[in-house]
Amino acid sequence: MPYDAAQLDDAVWVGWRLAELLPLTPDERQSLLETDDALARLTALNVLLPRFQRD
């Protein structure tokens, strides 16, 4: 997926892309996409991210 590097500085764009691309449950994805606050969305994603890290 092509993107402009400047988009990585946009919290709204990053949050939407992570919610779109990560293998989340449907309920998790829906909750994230319904969140209007970009910082709240990134905070929730930050809680979920350790699940996707390899040991």
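This is a predicted model: local features need pLDDT of at least 70, side-chain atom pairs count only at pLDDT 80 or more; totals for chains, interfaces and linings use all residues.
1. The overall composition may be stated next. The protein contains three helices and zero strands, and its elements follow the order α-α-α from the N terminus on. The C-alpha trace extends over about 30 × 25 × 20 Å along the principal axes. Of the 55 residues in the protein, 18% are buried. Among the contacts with a separation of 6 or more, 41% are between residues 24 or more positions apart.

2. The pairing of H1 with H2 deserves a separate point. Two packed helices are described by the angle between their axes and the distance between the axes. For H1 and H2 the angle is about 165 degrees and the axes are 9 Å apart. The two helices H1 and H2 are therefore roughly antiparallel, since the angle lies over 145 degrees. Their crossing is left-handed. On the H1 side the contact involves Trp16, Ala19, Glu20 and Leu21, and on the H2 side Arg29, Leu32 and Leu33.

3. Between these two helices runs a loop, and threonine 25 lies in the loop between H1 and H2. With a relative accessibility of 35%, threonine 25 counts as partly exposed. Threonine 25 and aspartate 9 are 16 residues apart in sequence, and their C-alpha atoms are 26 Å apart in space.

4. The pairing of H1 with H3 has another geometry. The axes of H1 and H3 come within 9 Å, and the crossing angle is roughly 40 degrees. The crossing of H1 and H3 is left-handed. H1 contributes Ala11, Val12, Val14, Gly15, Trp16, Leu18 and Ala19 to the contact, while H3 contributes Ala38, Arg41, Leu42 and Leu45.

5. Which residues form the largest nonpolar core? This core has six residues, namely Ala19, Leu22, Leu24, Leu32, Leu45 and Leu48. One of them, leucine 45, is in contact with Gly15, Leu18, Ala19, Leu22 and Leu32, when neighbours within four places in sequence are left aside. Ala19 also takes part in the contact of H1 with H2 and in that of H1 with H3.

6. Leucine 48 is another member of this core and lies in helix H3. Why does leucine 48 count as buried? Its relative accessible area is 17%, and the limit for a buried residue is under 20%. Not counting residues up to four places away in sequence, leucine 48 touches Leu24, Glu28 and Leu32. By contrast, its C-alpha is 17 Å from that of valine 12, and leucine 48 and valine 12 are 36 residues apart in sequence.

7. How many salt bridges does the structure hold? There are two salt bridges. One is formed by the side chains of arginine 17 and glutamate 20, with an N to O distance of 2.7 Å. Arginine 17 and glutamate 20 are separated by about one helical turn, because they stand three residues apart in helix H1, which covers residues 11–21. Arginine 17 is partly exposed, with a relative accessible area of 24%, and glutamate 20 is partly exposed at 43% relative accessibility. Glutamate 20 is also among the H1 residues in contact with H2.

8. The other salt bridge joins the side chains of arginine 51 and glutamate 28, at 2.5 Å from N to O. This pair links distant parts of the chain, being 23 residues apart: arginine 51 belongs to the segment after helix H3 (38–48), and glutamate 28 to helix H2 (residues 26–34). Arginine 51 counts as partly exposed, with a relative accessibility of 43%. Glutamate 28 is also one of the residues touched by leucine 48.

How values were computed. Residues are numbered from 1 along each chain as its sequence is written. Side-chain values use heavy atoms; hydrogens and water are left out. A salt bridge is a side-chain nitrogen of Lys or Arg within 4 Å of a carboxyl oxygen of Asp or Glu. Helices (H or I, at least four residues) and strands (E, at least two) are DSSP runs, numbered from the N terminus. Buried means under 20% relative accessible area, exposed over 50%, partly exposed in between (1.4 Å probe, protein chains only). A nonpolar core is a set of buried Ala, Val, Leu, Ile, Met, Phe, Trp, Tyr and Cys residues joined through side-chain atoms within 4.5 Å. Contact means heavy atoms within 4.5 Å. Axes are lines fitted to C-alpha atoms, for helices over the stretch in contact, and angles run from 0 to 180 degrees between N-to-C directions. A crossing is left-handed if the near helix is turned anticlockwise from the far one by less than a right angle, and right-handed if clockwise. Angles under 35 degrees count as roughly parallel, over 145 as roughly antiparallel, 65 to 115 as roughly perpendicular and the rest as oblique.
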